[in-house]
Amino acid sequence: METRIAVLGIIVENPDATDQLNRILHDYSAYIVGRLGIPYRKRGLSVISIIIDAPADAISALTGKLGMLEGVSAKALYAKVEGGHDL
């Protein structure tokens, strides 16, 4: 199946959503290339970047599930390069 490379930008304003967020990310862990999370204590939130190599529908589903969590915002930025590998 053809995959896309994307960066998911996630802002967590509700720390109570962290467990659900991590469970969702675990469900997509086969596609995740890397993750960087930074707590921004001064503002009371966390910023997470996820690099993902997955089919476009999986990226969209993941972004949607994360965005449905209360106090969580998520957006995907896709690379222009297409193609990929089978998982």
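I began with V12, which is found in strand β1 (residues 4-12), where strands are DSSP runs of E of at least two residues, helices are runs of H or I of at least four, and both are numbered from the N terminus. This is a predicted model, in which local features need pLDDT of at least 70 and side-chain atom pairs count only at pLDDT 80 or more, while totals for chains, interfaces and linings use all residues. Residues are numbered from 1 along each chain as its sequence is written, and side-chain values use heavy atoms, with hydrogens and water left out.

I looked up the exposure of V12 and found it buried, with a relative accessible area of 8%; buried means under 20%, exposed over 50% and partly exposed in between, with a 1.4 Å probe and protein chains only. Leaving aside neighbours within four places in sequence, I noted that V12 is in contact with L21, L45, S46, I48, G71 and V72, contact meaning heavy atoms within 4.5 Å. I also noted that V12 and A74 are 62 residues apart along the chain, with their C-alpha atoms separated by 8.8 Å.

I then turned to the largest pocket, in which about 200 Å³ of space lies. For the term I kept this: on a 1 Å grid over the protein atoms alone, a pocket is an open set of points where a 1.4 Å probe fits, with protein on both sides within 12 Å along at least five of seven lines, and lining residues have an atom within 4 Å of a point. The volume is the space filled by probe spheres set on the points, which are joined across faces, edges and corners. I found 13 residues in the lining, of which V12, T18, L45, S46 and I48 lie nearest the centre of the pocket. The elements that give two or more residues to this lining are α1, β2 (32-40) and β3 (45-54), and β2 supplies the largest share, 4 residues. By type I recorded 7 nonpolar, 5 polar and 1 charged in the lining, with Ala, Val, Leu, Ile, Met, Phe, Trp, Tyr, Cys and Pro as nonpolar, Asp, Glu, Lys and Arg as charged, and the others, Gly among them, as polar.

Next I checked the helices: α1 (residues 18-27) and α2 (residues 56-67) pack at an angle of about 170 degrees, with their axes 10 Å apart. The two are therefore roughly antiparallel to each other, a term for angles over 145 degrees. I listed L21, I24 and L25 of α1 and L62, K65 and L66 of α2 as the residues that make the contact, and they divide into 5 nonpolar, no polar and 1 charged.

I looked at two further residues of α1. Q20 is found in this helix and is partly exposed, with a relative accessible area of 40%; its C-alpha atom is separated by 8.7 Å from that of L66, 46 residues apart along the chain. D27, also placed in helix α1, is exposed at 62%, and D27 and L62, 35 residues apart in sequence, are 9.1 Å apart in space, C-alpha to C-alpha.

Last, I noted D16 in the loop between β1 and α1, exposed with a relative accessible area of 67%.

Conventions
Axes are lines fitted to C-alpha atoms, for helices over the stretch in contact, and angles run from 0 to 180 degrees between N-to-C directions. Angles under 35 degrees count as roughly parallel, over 145 as roughly antiparallel, 65 to 115 as roughly perpendicular and the rest as oblique.
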